[in-house]
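Here is a brief report on one protein chain. Keep the sequence and the model open while you read.

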Amino acid sequence: MLGTAFTIAALGLGTVVLSSQNEDAGNGRRTTATDTFSEGKLEKQVSDLLAQNRRKIDSSRSSQPFGLESTSGTTAGPRVLKATVPECVREGIGRDDAVLATEEGTYEGREALLVVLPDTSDDTRVTAYIVDATCVADPSSTSAAKVLLEHAYTRG
(Lines give C-alpha, C1' and ligand atoms only; values in the text may rest on other atoms or scores of the structure.)
Protein backbone atom coordinates (compact mmCIF):
# COMPACT_ATOMS: atom_id res chain seq x y z
CA MET A 1 0.00 0.00 0.00
CA LEU A 2 2.82 2.40 0.91
CA GLY A 3 4.65 1.53 -2.34
CA THR A 4 1.54 2.35 -4.37
CA ALA A 5 1.23 5.73 -2.66
CA PHE A 6 4.87 6.58 -3.46
CA THR A 7 4.40 5.53 -7.09
CA ILE A 8 1.32 7.72 -7.50
CA ALA A 9 3.11 10.66 -5.86
CA ALA A 10 6.16 10.22 -8.11
CA LEU A 11 4.00 10.07 -11.24
CA GLY A 12 2.10 13.18 -10.19
CA LEU A 13 5.30 15.10 -9.51
CA GLY A 14 6.79 13.99 -12.84
CA THR A 15 3.70 15.21 -14.67
CA VAL A 16 3.90 18.62 -12.99
CA VAL A 17 7.61 18.98 -13.83
CA LEU A 18 7.12 18.02 -17.48
CA SER A 19 4.11 20.29 -17.78
CA SER A 20 5.99 23.29 -16.39
CA GLN A 21 8.93 22.67 -18.70
CA ASN A 22 6.67 22.87 -21.73
CA GLU A 23 5.22 26.27 -20.84
CA ASP A 24 6.95 29.29 -22.31
CA ALA A 25 8.12 31.72 -19.64
CA GLY A 26 6.32 35.01 -19.70
CA ASN A 27 3.13 34.12 -21.55
CA GLY A 28 2.06 30.61 -20.58
CA ARG A 29 1.99 29.41 -24.21
CA ARG A 30 2.57 25.74 -24.74
CA THR A 31 5.69 24.77 -26.63
CA THR A 32 6.76 21.41 -27.92
CA ALA A 33 9.93 19.64 -26.89
CA THR A 34 11.33 20.16 -30.39
CA ASP A 35 10.75 23.93 -30.58
CA THR A 36 13.92 25.85 -31.38
CA PHE A 37 12.40 29.23 -30.58
CA SER A 38 10.25 30.39 -27.68
CA GLU A 39 9.30 33.87 -26.55
CA GLY A 40 10.96 33.37 -23.17
CA LYS A 41 14.33 32.46 -24.71
CA LEU A 42 14.24 34.64 -27.81
CA GLU A 43 16.20 37.61 -26.41
CA LYS A 44 19.18 35.39 -25.55
CA GLN A 45 18.94 33.60 -28.90
CA VAL A 46 18.98 36.94 -30.76
CA SER A 47 21.92 38.19 -28.69
CA ASP A 48 23.88 34.96 -29.29
CA LEU A 49 23.13 35.03 -33.02
CA LEU A 50 24.30 38.65 -33.36
CA ALA A 51 27.48 37.88 -31.37
CA GLN A 52 28.15 34.90 -33.62
CA ASN A 53 27.78 37.10 -36.71
CA ARG A 54 30.12 39.73 -35.19
CA ARG A 55 32.77 37.03 -34.71
CA LYS A 56 32.37 36.02 -38.38
CA ILE A 57 32.80 39.63 -39.47
CA ASP A 58 35.83 40.10 -37.22
CA SER A 59 37.47 36.93 -38.55
CA SER A 60 36.86 38.00 -42.16
CA ARG A 61 38.46 41.38 -41.39
CA SER A 62 41.50 39.76 -39.81
CA SER A 63 42.02 37.59 -42.89
CA GLN A 64 42.70 40.73 -44.96
CA PRO A 65 46.35 41.88 -45.11
CA PHE A 66 47.08 44.57 -42.52
CA GLY A 67 43.44 44.48 -41.43
CA LEU A 68 42.28 46.22 -44.63
CA GLU A 69 39.04 45.36 -46.35
CA SER A 70 38.48 45.17 -50.05
CA THR A 71 38.07 48.63 -51.54
CA SER A 72 35.69 47.60 -54.31
CA GLY A 73 33.56 50.71 -53.98
CA THR A 74 32.61 50.24 -50.35
CA THR A 75 32.79 53.01 -47.78
CA ALA A 76 33.95 52.73 -44.22
CA GLY A 77 31.30 51.77 -41.72
CA PRO A 78 29.80 48.77 -39.99
CA ARG A 79 29.81 45.63 -42.07
CA VAL A 80 26.82 43.34 -42.16
CA LEU A 81 26.95 39.75 -43.31
CA LYS A 82 24.51 39.43 -46.16
CA ALA A 83 21.83 37.03 -45.03
CA THR A 84 19.44 35.93 -47.72
CA VAL A 85 15.78 35.96 -46.86
CA PRO A 86 13.18 34.51 -49.22
CA GLU A 87 10.87 37.03 -50.86
CA CYS A 88 7.76 35.58 -49.21
CA VAL A 89 9.36 36.17 -45.78
CA ARG A 90 10.28 39.76 -46.67
CA GLU A 91 6.70 40.34 -47.81
CA GLY A 92 5.32 38.89 -44.58
CA ILE A 93 7.55 41.10 -42.45
CA GLY A 94 6.87 44.09 -44.66
CA ARG A 95 10.48 45.28 -44.67
CA ASP A 96 13.23 45.12 -47.27
CA ASP A 97 16.21 46.50 -45.35
CA ALA A 98 19.50 44.73 -44.61
CA VAL A 99 19.11 41.62 -42.49
CA LEU A 100 21.46 41.32 -39.52
CA ALA A 101 20.96 37.60 -38.93
CA THR A 102 18.69 34.64 -39.68
CA GLU A 103 18.23 31.20 -38.23
CA GLU A 104 15.94 28.30 -39.14
CA GLY A 105 14.05 26.40 -36.48
CA THR A 106 10.62 25.62 -35.09
CA TYR A 107 8.14 27.70 -33.13
CA GLU A 108 4.99 26.27 -31.55
CA GLY A 109 5.46 23.11 -33.62
CA ARG A 110 5.78 24.98 -36.96
CA GLU A 111 8.76 25.31 -39.26
CA ALA A 112 9.92 28.87 -38.68
CA LEU A 113 12.58 31.38 -39.61
CA LEU A 114 14.04 33.89 -37.15
CA VAL A 115 14.92 37.16 -38.92
CA VAL A 116 16.76 39.95 -37.08
CA LEU A 117 16.62 43.46 -38.53
CA PRO A 118 17.78 46.84 -37.23
CA ASP A 119 15.04 48.68 -35.34
CA THR A 120 13.55 51.35 -37.60
CA SER A 121 13.41 54.03 -34.90
CA ASP A 122 16.43 53.30 -32.67
CA ASP A 123 19.82 52.13 -33.92
CA THR A 124 20.69 50.72 -30.47
CA ARG A 125 17.90 48.15 -30.85
CA VAL A 126 16.99 45.29 -33.16
CA THR A 127 13.66 43.77 -34.06
CA ALA A 128 13.35 39.98 -34.14
CA TYR A 129 10.66 38.34 -36.24
CA ILE A 130 9.72 34.69 -36.09
CA VAL A 131 7.83 33.86 -39.28
CA ASP A 132 6.11 30.73 -40.53
CA ALA A 133 8.48 29.18 -43.08
CA THR A 134 5.82 27.26 -45.01
CA CYS A 135 6.26 29.52 -48.03
CA VAL A 136 10.01 28.78 -48.05
CA ALA A 137 9.47 25.02 -48.20
CA ASP A 138 6.76 25.42 -50.87
CA PRO A 139 8.07 27.86 -53.50
CA SER A 140 4.84 27.50 -55.50
CA SER A 141 3.01 29.21 -52.63
CA THR A 142 2.32 32.81 -53.54
CA SER A 143 1.30 33.95 -50.08
CA ALA A 144 3.45 36.04 -47.79
CA ALA A 145 4.85 34.42 -44.68
CA LYS A 146 2.85 34.90 -41.50
CA VAL A 147 4.64 36.71 -38.67
CA LEU A 148 4.23 34.49 -35.60
CA LEU A 149 6.13 36.70 -33.14
CA GLU A 150 7.74 40.16 -33.27
CA HIS A 151 9.81 41.64 -30.48
CA ALA A 152 12.37 44.47 -30.15
CA TYR A 153 15.52 44.07 -28.06
CA THR A 154 18.56 46.14 -27.16
CA ARG A 155 21.40 45.43 -29.55
CA GLY A 156 23.97 43.51 -27.55
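## Burial and surface

Of the 156 residues in the protein chain, 28% are buried. Buried means under 20% relative accessible area, exposed means over 50%, and partly exposed lies in between (1.4 Å probe, protein chains only). The accessible surface of the chain is about 10100 Å². Carbon and sulfur atoms hold 55% of that surface. These areas come from the Shrake-Rupley method with a 1.4 Å probe, and for residues only the protein chains shown count as cover.

This is a predicted model, in which local features need pLDDT of at least 70 and side-chain atom pairs count only at pLDDT 80 or more, while totals for chains, interfaces and linings use all residues. Residues are numbered from 1 along each chain as its sequence is written, and side-chain values use heavy atoms, with hydrogens and water left out.

## Overall layout

The chain has 4 helices and 4 strands. From the N terminus, the elements run α-α-α-β-β-β-α-β. Helices (H or I, at least four residues) and strands (E, at least two) are DSSP runs, numbered from the N terminus.

Contact means heavy atoms within 4.5 Å. Among contacts with a separation of 6 or more, 46% link residues 24 or more positions apart.

## The sheet

The 4 strands form an open sheet in the order β1-β2-β3-β4, with antiparallel pairing. Two strands pair if DSSP finds at least two bridges between them. β1 and β4 (147-154) are at the edges with a single partner strand each, so one side of each has no neighbour in the sheet. On average, neighbouring strands are turned by 20° against each other, direction ignored. The axes behind this angle are lines fitted to C-alpha atoms, for helices over the stretch in contact, and angles run from 0 to 180 degrees between N-to-C directions.

β1 and β2 (residues 110-118) run antiparallel and are joined by 7 bridges. A101 stands opposite V116 in β2.

## G105 in β1

G105 sits in strand β1 (residues 101-107). G105 counts as buried because its relative accessibility is 10%. Beyond its neighbours within four places in sequence, G105 contacts T36, F37, R110, E111 and A112.

## The disulfide

How many disulfides does the rule count? The count is 1 disulfide, where a disulfide is a pair of cysteine sulfur atoms within 2.5 Å. C88 is joined to C135, S to S 1.9 Å. The link is right-handed, with 75° about the S-S bond. C88 lies in helix α3 (residues 87-93) and C135 in helix α4 (residues 134-137), so the pair ties together parts 47 residues apart in sequence. Both C88 and C135 are buried.
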